[in-house]
Amino acid sequence: MTRLVNLVGPPVDDSASPMAEKFFQLGRVRIFPVAQSSFKTDASGGQEEFQELAMEAVIPGYWLLPYFFATFSMLYLFGYFLIFHKWNRKYRPEASSCFISLFHGTPAVFMAVLALRNEPIQGFASANTNFQNVVLDFSIGYFQVDLLHYLILLPGDYLFIAHHLATLFVFVTCRYLVAHGAFSLLVLLVLAEVTSACQNVWTLAGLRKGESVSAAKIYKILSPPFYTLYTLMRGLVGPVFFCRMSVYYLSGKATDEIPIWVSAAWIIVVGAAILVSILWIFNLWLEFFRVKENGEKKNS
């Protein structure tokens, strides 16, 4: 059963009307799932003692998404018109995209890890906490801005547009529709963004390697460690976690919290993203060894 506990007053009776329960969910209560057998009544005061399970579902009455969207928008414009204003106009959009990604990837990793560490119970269908929702809003704001970047300046990049739309679908449904499952998505977010800083510097260097000797050196130095870390995260750890997540959702154990069509959509989106990532890094490795082999032939 579920017991509603008012943050500023006595416990709310479990027999409260659905309308009252809905009202209390708007940020004024914490919802604690409790075991029916854990209630006791002593003879003196008739007080109830209940054992709170280690899961707390908080549905906040506020959200920070507009602020995150505005922040990433300003960062993009700052990068495009100031940081990269001397760059070739052909590369300025992608460079500005990398610039805002630098402000999303690594901070998102630290925020997600902190949110996961502070989660009382870590489960594929556990309810989102306040801080987990903040991390989701942070990432949603970033992907919205980067999606606009592609739609306006690079409308022919269908793969990234599809990726961002799919990612937004997963984050938005988790954050605003089902309010459960953030644990799964934040773990995947950490695995995806832990390579972000290296990847963005590598990409920026790659854009300039034909015009700058220093950029070419940075690109060459970063390629092996970046490829290795990316392969480890996206090609090994990520798929293992994805398989565990998929088995759990497909078993039907999460249907009370997450509708099966939502979890199935998450599986399809995440699975496709992992597959594309593996193909991408595989092609990079092929190119890396091809260039290395050609260089050895020239030197011999």
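## Arg-208 and its partner

Arg-208 has a relative accessibility of 26%, so this residue counts as partly exposed. The model described here is a predicted one. In this model, the side chain of Arg-208 joins that of Glu-211 in a salt bridge, with 2.9 Å from N to O.

## Overall layout

The chain has 300 residues, of which 42% count as buried. Its secondary structure consists of 10 helices and four strands. In sequence order these elements follow the pattern β-α-β-β-β-α-α-α-α-α-α-α-α-α.

The accessible surface of the chain amounts to about 16500 Å², and carbon and sulfur atoms contribute 66% of that area. Among contacts in the chain with a separation of 6 or more, 71% are between residues 24 or more positions apart.

## Packing of α8 against α9

Helix α8 covers residues 196–208 and helix α9 covers residues 213–250. Their axes come within 9 Å of each other and cross at roughly 145°. The crossing is left-handed.

Apart from neighbours within four places in sequence, Ser-196 is in contact with Ser-101 and Gly-105.

## The other salt bridges

The whole structure contains three salt bridges. Besides the pair of Arg-208 and Glu-211, there is one between Asp-137 and Arg-175, whose closest N and O atoms are 3.3 Å apart. This pair links distant parts of the chain, with Asp-137 in helix α5 (residues 130–153) and Arg-175 in helix α6, 38 residues apart. Both Asp-137 and Arg-175 are buried.

Another salt bridge joins the side chains of Arg-290 and Glu-287, at 2.5 Å from N to O. Both residues lie in helix α10 (residues 260–299), where they are three residues apart, or about one turn of the helix. Arg-290 is partly exposed because its relative accessible area is 41%. Glu-287, at 37% relative accessibility, falls in the partly exposed class as well.

Leaving out residues within four places in sequence, Val-262 is in contact with Thr-173, Leu-177 and Val-178. The C-alpha atoms of Val-262 and Phe-169 are 9.7 Å apart, although 93 residues separate the two along the chain.

Ile-281 has a relative accessible area of 6%, so it is buried. Not counting residues up to four places away in sequence, Ile-281 touches Tyr-227, Tyr-230 and Thr-231. The C-alpha atom of Ile-281 is separated by 9.2 Å from that of Thr-228, a residue 53 positions away along the chain.

## Backbone at Ala-179

Ala-179 has a positive phi of about 55°, although this residue is not a glycine. Ala-179 is located in the loop between α6 (158–178) and α7 (182–193).

How values were computed: Residues are numbered from 1 along each chain as its sequence is written. This is a predicted model: local features need pLDDT of at least 70, side-chain atom pairs count only at pLDDT 80 or more; totals for chains, interfaces and linings use all residues. Side-chain values use heavy atoms; hydrogens and water are left out. Axes are lines fitted to C-alpha atoms, for helices over the stretch in contact, and angles run from 0 to 180 degrees between N-to-C directions. Helices (H or I, at least four residues) and strands (E, at least two) are DSSP runs, numbered from the N terminus. A crossing is left-handed if the near helix is turned anticlockwise from the far one by less than a right angle, and right-handed if clockwise. A salt bridge is a side-chain nitrogen of Lys or Arg within 4 Å of a carboxyl oxygen of Asp or Glu. Buried means under 20% relative accessible area, exposed over 50%, partly exposed in between (1.4 Å probe, protein chains only). Contact means heavy atoms within 4.5 Å. Accessible areas come from the Shrake-Rupley method with a 1.4 Å probe; for residues, only the protein chains shown count as cover.
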